[in-house]
Amino acid sequence: LHETERVRTVWNVFVKVVSPFFFGGAFGFIFGILLITLFAVIFAYTSVPDTVMDLFVYGTVGLSALSSGFTALRVLKRDGMVNGLISGVILFLIHATVGSFFGEGGVTKLLLFGAAELPLAALGGILSVNMGSKKSRT
């Protein structure tokens with residue numbers, strides 16, 4: 001293969017195989033930021049007690065992980081659980097990297113988030129693949 005063909009082949013592999021995971025992880029992270037912003041507005045302008053804030057945080061982590069796996073598998077369309085887990089790992093790495101800049105919660109909370117993100121991203125991947133296969137059957 002010529003050099004340009006090799007570069008094109010590597011780029012095609014990246015676009016088809018690797019980028020959906022990063023797209024899913026980034027989508028899940030951005031979705032989580034939007035949910036946190038919404039919940040911050042709710043807490044600021046209503047009389048919701050601060051004691052339920054952890055519930056909102058864990059709900060945000062769960063929904064962002066679910067959306068991460070779901071989004072990545074809308075592109076990949078196969079192997080929902082495994083690819084959803086990979087998308088969850090990408091989301092967890094983004095979460096851990098950004099969280100390390102702020103340093104709140106510690107390692108225990110980060111591992112708890114990771115324990116929630118991985119199976120929920122896998123569930124999102126499974127749901128995405130199953131929803132896609134139902135459309136192809138009809």
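Let's start with isoleucine 86, which lies in helix H3. A word on terms: helices are DSSP runs of H or I with at least four residues, numbered from the N terminus. This is a predicted model, where local features need pLDDT of at least 70, side-chain atom pairs count only at pLDDT 80 or more, and totals for chains, interfaces and linings use all residues. Residues are numbered from 1 along each chain as its sequence is written, and side-chain values use heavy atoms, with hydrogens and water left out.

Back to isoleucine 86. Its relative accessible area is 35%, so it is partly exposed. The cut-offs: buried is under 20% relative accessible area, exposed is over 50%, and partly exposed is in between, with a 1.4 Å probe and protein chains only.

Which residues make the nonpolar surface patch? They are Met81, Val82, Leu85, Ile86 and Ile126, and the patch covers about 400 Å². Helix H3, residues 80–102, gives the most, with four residues. Patch residues have over 30% relative accessible area and no salt bridge; nonpolar side chains (Val, Leu, Ile, Met, Phe, Trp, Tyr) are joined within 5 Å, like charges within 9 Å. The areas come from the Shrake-Rupley method with a 1.4 Å probe, and for residues only the protein chains shown count as cover.

Now the inside. Threonine 60 sits in helix H2, residues 53–76. Is threonine 60 buried or exposed? Its relative accessibility is 4%, so it counts as buried. Leaving aside residues up to four places away in sequence, threonine 60 touches Gly32, Leu35, Ile36 and Phe39. A contact here means heavy atoms within 4.5 Å.

On to the rings. Rings of Phe, Tyr and Trp (its six-membered ring) pair if their centres lie within 6.5 Å; planes under 30 degrees apart are stacked, over 60 edge-to-face, and the rest tilted. By that rule there are four aromatic pairs. One of them joins phenylalanine 43 and phenylalanine 56, edge-to-face, at 5.1 Å centre to centre and 80° between the planes. That pair links distant parts of the chain, 13 residues apart: phenylalanine 43 is in helix H1, residues 3–45, and phenylalanine 56 in helix H2. Phenylalanine 43 is buried at 15% relative accessible area. Phenylalanine 56 is partly exposed at 23%.

Next, tyrosine 58 and phenylalanine 113. Their ring centres are 5.5 Å apart and their planes at 70°, so this pair is edge-to-face. Tyrosine 58 is in helix H2 and phenylalanine 113 in helix H4, residues 106–137, and the two are 55 residues apart. Tyrosine 58 is partly exposed at 35%; phenylalanine 113 is buried at 9%. Ring pairs also link Phe39, Phe43 and Phe56 into a cluster.

How many salt bridges does a search of the whole structure find? One. Lysine 109 pairs with aspartate 54, with the closest N and O atoms 4.0 Å apart. The rule asks for a side-chain nitrogen of Lys or Arg within 4 Å of a carboxyl oxygen of Asp or Glu. Lysine 109 lies in helix H4 and aspartate 54 in helix H2, so the bridge ties together parts 55 residues apart in sequence. Lysine 109 is partly exposed at 28%, and aspartate 54 is partly exposed at 41%.

Last stop, valine 107, in helix H4. With 60% relative accessible area, valine 107 is exposed. Valine 107 and lysine 77 are 30 residues apart in sequence and 34 Å apart in space, C-alpha to C-alpha.
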